[in-house]
Amino acid sequence: MAVMDRARTAPQDTRPAARQEGTRQEGGRATKGAAGLGVLLALLATVVWSGSFVATRGMADSIPPVQAVFWRWTSATVAVAPFAARQAWRQRALIRAHFGYIALATLFGVTLYNTLVHQAGLTTSASNMGMIMAASPVVMALYARLGGERLGARRTFGLALAALGVLLLVGKGSVRFEFAAGDLWMFGAALSFATYSALLKRKPAELGGLAFLLTTFVLGALMLAPAYAVSVGVQGGFQVTPSTAGMLLYVGVLSSAIAFFAWNKAVSIIGAARAGVVYYLQPVCVAGLGLLLIGERTGPAQLLCMALILGGVGLGARR
């Protein structure tokens with residue numbers, strides 16, 4: 001009876017049909033605009049992260065991996081704090097309430113992922129690092145499917161096509177599994193990053209993006225502090241030069257603070273699976289930057305594989 005009473009008293013939409021249709025069209029344009037923004041943010045993060053692989057490879061011989069990652073997140077914390085500290089302080093009770101979730105996201109997205117990337121940089125090329133990281137969207141899509149999200153035939157085919165391109169790139173023209181130690185470290189990094197991206201979908205809506213970012217950066221540096229102390233005691237420190245300082249600032253401020261904020265926002269808008277498809281562009285970006293900055297050349301077979309990746313991105317990004 002109560003349901004019937006509410007139905008009788010509910011206000012009726014008396015707008016003409018044309019006005020209602022116009023509202024729907026405006027809503028559709030807004031939705032498309034938001035999706036477009038999400039894709040652009042994911043692309044921004046992907047391009048900046050591509051440069052970080054080149055920087056990571058460049059500092060591999062001068063800075064021990066754990067020390068590089070520790071200073072990466074310390075500088076990222078300093079860069080983000082002026083913008084995020086007030087929001088984090090206001091939401092301190094919320095941060096405490098969800099501390100377990102935040103710590104888990106920090107472990108996979110900040111501590112493990114970046115340590116594995118820097119460890120891989122010791123024994124594999126920047127191009128291979130970018131190529132293997134392109135495998136992470138496959139895991140993101142699997143996580144999304146397990147969570148009940150329908151990927152659709154077109155997106156599934158796009159992911160498969162891009163994955164084939166990645167395998168051909170790593171196998172140098174054939175689907176084979178001959179990896180260096182650094183390649184295996186990078187597969188671990190890809191799995192860790194995919195897990196982090198899947199966890200982002202569970203971020204409490206009321207927790208501000210900047211507060212979340214700052215908290216993960218601080219926690220990440222704290223988690224790395226014991227390993228950093230051991231590394232300094234065993235391996236010694238590193239010499240600070242304009243080159244090492246510049247690379248650390250790049251991976252700390254641009255690749256960590258700005259790129260992570262852009263990626264987290266992109267995932268909140270378009271979801272981890274769709275953002276992950278954009279992430280497939282990373283091997284192409286890394287190859288281009290590698291050629292420009294450190295002289296790594298790309299042959300015809302690699303260009304063909306990149307075409308497969310781009311084709312997969314184009315199919316997978318559309319609904």
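Predicted model: local features only at pLDDT ≥ 70, side-chain atom pairs only at ≥ 80, totals over all residues.
Residues are numbered from 1 along each chain as its sequence is written, and side-chain values use heavy atoms, with hydrogens and water left out. Local features need pLDDT of at least 70 and side-chain atom pairs count only at pLDDT 80 or more, while totals for chains, interfaces and linings use all residues.

Helices are DSSP runs (H or I, at least four residues), numbered from the N terminus. Helix α3 covers residues 65–90 and has 26 residues, so at 1.5 Å a residue the helix should span 38 Å; the expected span is 1.5 Å times one less than the number of residues. The end C-alpha atoms of α3 are 35 Å apart, which agrees. At A81, α3 bends by about 70 degrees, and a proline, P82, follows within four residues. The bend at a residue is the angle between axes fitted to the seven residues ending there and the seven starting there.

T111 lies in helix α5 (residues 99–120). With a relative accessible area of 10%, T111 is buried (under 20% relative accessible area, 1.4 Å probe, protein chains only). Apart from neighbours within four places in sequence, T111 is in contact with T106, G220, M223 and L224, contact being heavy atoms within 4.5 Å.

Rings of Phe, Tyr and Trp (its six-membered ring) pair if their centres lie within 6.5 Å; planes under 30 degrees apart count as stacked, over 60 as edge-to-face and the rest as tilted. By this rule the count comes to 14 aromatic pairs. In one of them, the ring centres of W49 and F193 are 5.3 Å apart and the planes are at 85 degrees, so the pair is edge-to-face. W49 belongs to helix α2 (residues 17–59) and F193 to helix α9 (residues 181–200), and the pair links parts of the chain 144 residues apart. W49 is buried at a relative accessible area of 1%, and F193 is buried at 0%. F193 also forms a tilted pair with Y113, at 5.1 Å centre to centre and 40 degrees between the planes. Because Y113 lies in helix α5 and F193 in helix α9, this pair ties together parts that are 80 residues apart in sequence. Y113 is buried, with a relative accessible area of 2%. One aromatic cluster is formed by W49, W73, Y113, F193, Y196, F217, F260 and W263.

Charges also sit over rings (NZ of Lys or CZ of Arg within 6 Å of the ring centre and within 35 degrees of the ring normal). R92 lies over the face of W89 at 4.0 Å from the ring centre, and K203 over the face of F212 at 5.9 Å.

Conventions: Helix = DSSP H or I, 4+ residues; strand = E, 2+ residues; numbered from the N terminus. Buried < 20%, exposed > 50% of the residue type's maximum accessible area, 1.4 Å probe, protein only.
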